Amino acid sequence: MDQEVKDKELEIASIVEVAIQKHGATQDAVIPILSEINRALGYVPAAALPEIRRHINFSEKGVFLADSHLYSAVSFYEMLSLQPLGRHVIRFCESAPCHVMGGRQVIQALQDELGLKPGETSKDMHWSLLMTSCVGVCGVGPVFFVDDDLYGNVTPERVPEILAKYQ
Amino acid sequence: MKVIRSMVLVSMDEASLEHGAEDVFHTFLEEIEEFGLSDQIAVSTIRDVGVREDVPLVIVYPDAAVYAPVKVEDVHLIVEEHLHKGNIVPNLLAMMHELVPEIAWMRSRRGALPVQKRIVLERAGVVDPRSIEDYILHDGFQALGKALTKMKPAEVIAEVEKSGLQGRGGAGFPTGRKWSFVASTPGDTKYVICNADESEPGTFKDRLIIEGDPFSIIEAMTIAGYAIGAHEGYIYIRGEYPLAYRRIEHAIQQAEAYGLLGDHIFGTDYSFHIHPHAGAGAYICGEETALIESLEGKRGMPRARPPYPTTYGLFGKPTLVNNVETLANVPPILRNGAVWYREVGSPKSTGTKVYTILGNVNFTGLIEVPMGITLREVIDIYGKGMKNGKKLKLVQTGGSSGTIAPASLQDTPMDFDSFRNAGVSLGSGALLVCDEDTCVVDLAKVILLFFRNECCGKCTPCRIGTLRLYEIMTQISEGKASLSDLDEMMKISEAMSEVSNCGLGQTASTALRDILKYFRAEVEAHITDHNCPVGVCPIAVHSPELVPVP
């Protein structure tokens, strides 16, 4: 095993440990732990799953946790990813309120500007264009997130200017 | 507390503005101040009254008196005679025969007061949500103190039952009854869960309640825990609401430091602990059994019911699951009594309801009004009229799983019963206002896409039904469907409502069915004439830059 792979595994192990320390080694902490790892690395690598399972021992309580349980959880939730995403992740709200207020034109502008379809990540790993359900800021629709920054009342004309901030 | 007894609306459309509506509005404010009535009378504006002559128009609730045209020099008389003394000024009233339908309806609302009344949002925006001292100064923790030191658990439940409070998450189940179910289930370990996984498109009331008044939820959950005999609670906050999570986390720490949460609350024997919990992005987790599965660290898939969470909930224990807005009603009920609460709203649907107004109106946002206000009042008074003067086509009520109310239903009072009779659901309180430029096929497509994406995949009718409905609707929008496809959709829709495992599948096609009920001709035009009357769908638009939303 070369050094780089080893380093990566060590990094994952320590991130898992920190997450478990923060949220506790209990069954109800599984989703928060996975979210914490996703925040730190941008995704949940498969190698993290056995690591989590080793730390959380439910057997005394009669609960057995398998890697497949964790995998099925990660694959279920929209905010968790099994694949590495781009450095900047765009999440566009595709729900009805934003759509009615002009969202259709905005997502088109985003696709044209990035050359990506929804769900794709650019080859240089700079952008990911994801769709999300309503994020609860409908008062200022249409909206999208770039990473943790929210943009509201977006028009197609504003799209290039917003994206330029993340070059 | 301010008790608003009257409301003055001044028309502010363009014609009115030309005739000095702004001055009239400000003169009203000044005169009302002069008479010392500011605490009793609300003054607001209204757009789009439908008349262009004899404006500005002034409407006074609850008498539903319409004055027009009102000049600055008339204001003093109206305030003195009508608002101060209570006598309508006959010679300033608008001529009834000149009233166009757009305003004639107001007379039928005599006795109504469509003014905001804040119970749930009383402190939001007023107190510092990070300060427990500020919360306590504004009556905070009074209800909990009263419950723990002066009331037995059964008395707390009785008071909530008597108030008539119904769940505000969408289903409208009587809250007190739910509490008594959990209380009467035997068991040493019980849980209280606050459902803050607010994911219904167009709804953000729970976010604003938590962000603006987090301590009220802590207080309400502790009261609920005391009433049902639980010592642990969870607040499940959706992952997309990081600020709400931080506010709750902070509020829990402060409440524990003050002895208002944790062991021996208020020096009594009662102990209660609350754990904040962040979701990870799944609409279905708003369904209570899916939420419980998710809390247990699994995929958020709904369980088969019965058994209901009230008997078999989190980790198999009896569990009370209440929505944020429902819980926020509890402290004011205990503080002021069930009788006070029943006086607000309509007799069968008590209290207030928080609505979010969205879409093609001039003003979008959140209001809290007594049950029974009409859609027209919401749009005209709080939405400040339709954007760009367009005509109202439909309102989707209650989010994507909610119903479609055509413009013809806009004068139906909005409470659980009247709406149910009209076939409309109040749901989560989202009001998505759509104007004449909205194509119903395009709207249905967006809604069906949402459910296709959010279906958890557990049961067959929903998993296959949401996909098929979206596919057929896409074909309609492309002009590639036949009329028999509409029957096919109805068949799928019926099967989904009848045999889906949970509310998602059961309600996913509600909007579709309403669209076929009220706007069938427009849908059929796509199929038979290959024409999108509004000009939105791909069949109508042959330019390559407007490809359909995926």
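How far apart do the C-alpha centres of domain 2 of chain B and domain 4 of chain B lie? In this predicted model, the two centres are 35 Å apart, and the contact between these domains takes eight residues from domain 2 of chain B and eight residues from domain 4 of chain B. On the side of domain 2 of chain B that touches domain 4 of chain B, the residues divide into six nonpolar, one polar and one charged.

| Chain | Domain | Residues |
|---|---|---|
| Chain B | domain 1 | 6-109 |
| Chain B | domain 2 | 132-340 |
| Chain B | domain 3 | 352-435 |
| Chain B | domain 4 | 440-528 |
| Chain A | domain 1 | 3-76 |
| Chain A | domain 2 | 88-164 |

Within chain A, the centres of domain 1 and domain 2, taken over C-alpha atoms, are separated by 30 Å.

**The interface between the chains**

Between the chains, 43 residues of chain B are in contact with 34 residues of chain A. On the side of chain B that touches chain A, at least two residues each are supplied by β7 (273-278), α12 (288-295), β9 (352-359), β13 (430-435) and α17 (440-454) of chain B, and α17(B) gives the most, with six residues. Sorted by class, this side of chain B has 17 nonpolar, 18 polar and eight charged residues.

The helix α17(B) can also be described by its own geometry: α17(B) has 15 residues and reaches 21 Å from its first C-alpha to its last, which is close to the 21 Å expected at 1.5 Å a residue. The helix is mostly covered, since 13 of the 15 residues of α17(B) are buried.

Notes:
Residues are numbered from 1 along each chain as its sequence is written. Chains are lettered from A and ligands numbered from 1 in the order in which they are written. This is a predicted model: local features need pLDDT of at least 70, side-chain atom pairs count only at pLDDT 80 or more; totals for chains, interfaces and linings use all residues. Domain bounds come from an automatic or database domain assignment. Two residues are in contact if their C-beta atoms, placed from the backbone, lie within 7 Å. Ala, Val, Leu, Ile, Met, Phe, Trp, Tyr, Cys and Pro count as nonpolar, Asp, Glu, Lys and Arg as charged, and the others, Gly among them, as polar. Helices (H or I, at least four residues) and strands (E, at least two) are DSSP runs, numbered from the N terminus. The expected span of a helix is 1.5 Å times one less than its number of residues. A residue is buried if 20 or more other C-beta atoms lie within 10 Å of its own, exposed if 12 or fewer, and partly exposed in between; C-beta atoms are placed from the backbone.
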